[in-house]
Amino acid sequence: MNIHPAGYQLVRNLRLCSFLSRRCALTDFTSCATRIQKYGITPLKRQNGFPYCLGNNLDLTIRLYSSEKTLQQTPTAILENESEYGDTHSREISGNSGLSIRHSSKREMARNLEPLAEEFITEQKTLTSMEREKSVDQFFDRLQRCTSPTDVLDLYAESTMTRRRISSCLMTIWKTTKRMSEDQKRYERKLMFEHPAFETICQQALQEAQSMNSNDLAYSLFALVKIGVSQNSQLIHTLLRVTQECLNKFDERALSVLSNCLKNMEDGKSVSTLRMGLRLLVELRIPEIKRVMALQTMMRCIGKDAPLALKKKLENKALSLLNKFTLPNSQYMFVTLAAMGHRSHPLLEACGNRLIENIHGVPFWRLVHILQSCKSLQYRNPDLLSAAGNHMASTLDIWQVKQIILFLVLFADLGFQHTKLMNAFAQIVLARSESLTLKDVLSVLHVYSLLNHRLDENLKEQFLQTLSDAFELYLSKCSSLELLHGIYSFCLMGHYPHAALNQLFQDNILSELRSAANLYRESNERMLQCINLCLELENPSFTRPVNASIASPLPPRATVNLEVRKTVDTILGDNSLYHQGLVLKNIYFIDFEIAVDQEQKNAVPFCQGDGIGSDPNIQRVAVLCTPASAFCLGTVHPKERLALKIRHLELLGYRVVLVSEHEFGKLSEDERVDFLKSAIFAE
């Protein structure tokens, strides 16, 4: 069918009229008039809206495409109406319209209309795009306001879903339950699985899996695993299969999400295959990596059980990029190495030095993550810890009590004693004891007892009594395990709260702590034996219930240090002048016991019976060989059980000589003899 050109132009003009009319409603009269004036289509003074635009455009269309005979005749009514409003463009057309049009080229007139058509199409596309963006923004705004999985599923049910929206909904379902208590989490998940939209979103994720991009695929899999969808389900198997197929397309972000997801999944054929593929992909991409952040992402992806050879390759790549490390890169390297379970001393030293130089620029929580990573890697850098402790001590006023306690707990886990910080915090405890929760009290007791921190005598008694009073306020709320830990810490520091002890020795508490079903039964038994010995030696006045019996401990299994024995033989010259491998109270192992004449400064033989006779000048010396872990980091200050052992041996009449096995191993033969001789025969 042939269409007359005039009809085609009429349709174009009708569309234009409709568009201009809508633009008037969306914008204002001026903007609409400006557009019309630009292309010379309609009078501008008072004309607006669809009817008038239609009239003018019909007139223009007829005059352009009618035959030459009819072109001479101008629609008088329309021209008169146009002239009535004094419109310049209308008068130009109506004055000698026939003559003007005859001398004008039709092609030129059409060319003048082309920009109008192009802008019309562009405006339509822009308007559609704006409407779409507005709809997307509204959806994600509503999604962010969801506070439970049910809210998300309700929103899903009433919205049009795209692949991105599916993954966003699933991630939001997980995020809303992340910070809930376990009971609330179980209840919300029950409602989620029963919601009719949950099956629908799972079905849609299953159908769209093949078309999802890498990020949507990774996030969807991660969220579904986190919210408890069975790994044996068809949905999880499908997502794992598609992930394997598309793994080469995964960028750094998607690989990181996938790696975190695989950590939480049980071993299976698909999971193991994907882990292996992930590591192969990382290994292939190592030479291409130019950015530090990209490298750290890859390092976190491979997991702790990756082959050592792959970890070494990544370590070497990181060392080659050291000159590009920023301060945040240095901070994140600790977390990255902890995530891959690789203790690289060169990297840790280099990044640690950067942190020491800029310690005041490291945020609190990032410092916490660094200390947690050091604990995980068993990396202890006294200089770094001292710098962190000095930073905390110098800015103590800006931190909350709980933040300082968290910091001290991490220091204690690393075996590091920062004397200045601990002294300052003891003053804070005295001033704000009423604000301490049970968890705070137990944490403070744990830190100060573990590190054997020595306060001034006056401050020590006040500090311990303050903690004792705070602890006894929570006795009715304490679990048996919390009660045991609290009293054990007090005993390590030589303080005995009677109310708490009476509660501990009740039958039901002891039975619960020593129950066969208790996972911590053995450690509980050891702590009870230690408390019992402390009461026997240091607080014999405390009366325990008759039926509160504590089983005697089994003798410790330990061997004498052969290097130290060789040196003792060299010093004494006779192995009958010392005893080795003694066990006291079935708890304390003594490597060597030597009877020393204080005046003569020499070893004397042991007498039969009491061992050294009744001579007051004879002093019993206990030589204890101890590992480095028994001391605070970088010092010979004894910790926890070693400090208690020394205290009890002194009560039993011994003078204690400590030999650090780590430091002793560094000495030459002559230095070993000089060190041990001066220690044994000291004043």
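Biologist: Where is the place of phenylalanine 471?

Modeller: Phenylalanine 471 has its place in helix H26. This is a predicted model, in which local features need pLDDT of at least 70 and side-chain atom pairs count only at pLDDT 80 or more, whereas totals for chains, interfaces and linings use all residues. Residues are numbered from 1 along each chain as its sequence is written, and side-chain values use heavy atoms, with hydrogens and water left out.

The protein chain has 34 helices and five strands, where helices (H or I, at least four residues) and strands (E, at least two) are DSSP runs numbered from the N terminus. Of its 683 residues, 48% are buried, a word that means under 20% relative accessible area, with exposed meaning over 50% and partly exposed lying in between (1.4 Å probe, protein chains only). When contacts in the protein chain between residues at least 6 apart in sequence are considered, 71% of them join residues at least 24 apart, a contact being heavy atoms within 4.5 Å.

Helix H26 covers residues 457–473, and its 17 residues should span 24 Å at 1.5 Å a residue, which agrees with the 25 Å between its end C-alpha atoms; the expected span is 1.5 Å times one less than the number of residues. Its buried residues are Leu459, Phe463, Leu464, Thr466, Leu467, Ser468, Ala470 and Phe471, and these pack against helix H24 (419–431), helix H25 (438–450), helix H27 (480–492) and helix H28 (498–504).

Phenylalanine 471 itself counts as buried because its relative accessible area is 0%. Leaving aside residues up to four places away in sequence, phenylalanine 471 touches Leu438, Val441, Leu442, Cys478, Glu482, Leu483, Gly486, Ile487, Phe490 and Ala500. Lysine 439 lies 32 residues from phenylalanine 471 along the chain, and the C-alpha atoms of the two are separated by 9.8 Å.

In the loop between H25 and H26 sits asparagine 452, which is buried because its relative accessible area is 16%. Most residues other than glycine have a negative phi, yet asparagine 452 has a positive phi near 50 degrees.

H32 spans residues 640–651, and its twelve residues reach 17 Å from first C-alpha to last, close to the 16 Å expected at 1.5 Å a residue. The buried residues in H32 are Leu642, Ala643, Leu644, Lys645, Ile646, His648 and Leu649. Glutamate 640, whose place is in H32, is partly exposed because its relative accessibility is 26%, and its phi is near 30 degrees, a positive value in a residue other than glycine. Just after H32, glycine 653 takes a positive phi of about 100 degrees.

H30 and H32 pack at about 30 degrees with their axes 11 Å apart, the axes being lines fitted to C-alpha atoms, for helices over the stretch in contact, with angles from 0 to 180 degrees between N-to-C directions. The two helices are therefore roughly parallel to each other, since angles under 35 degrees count as roughly parallel, over 145 as roughly antiparallel, 65 to 115 as roughly perpendicular and the rest as oblique. In this pairing, Cys530, Leu533, Cys534, Leu537 and Glu538 of H30 meet Arg641, Leu644, Arg647, His648 and Leu651 of H32. By class, that contact has six nonpolar, one polar and three charged residues, where Ala, Val, Leu, Ile, Met, Phe, Trp, Tyr, Cys and Pro count as nonpolar, Asp, Glu, Lys and Arg as charged, and the others, Gly among them, as polar.
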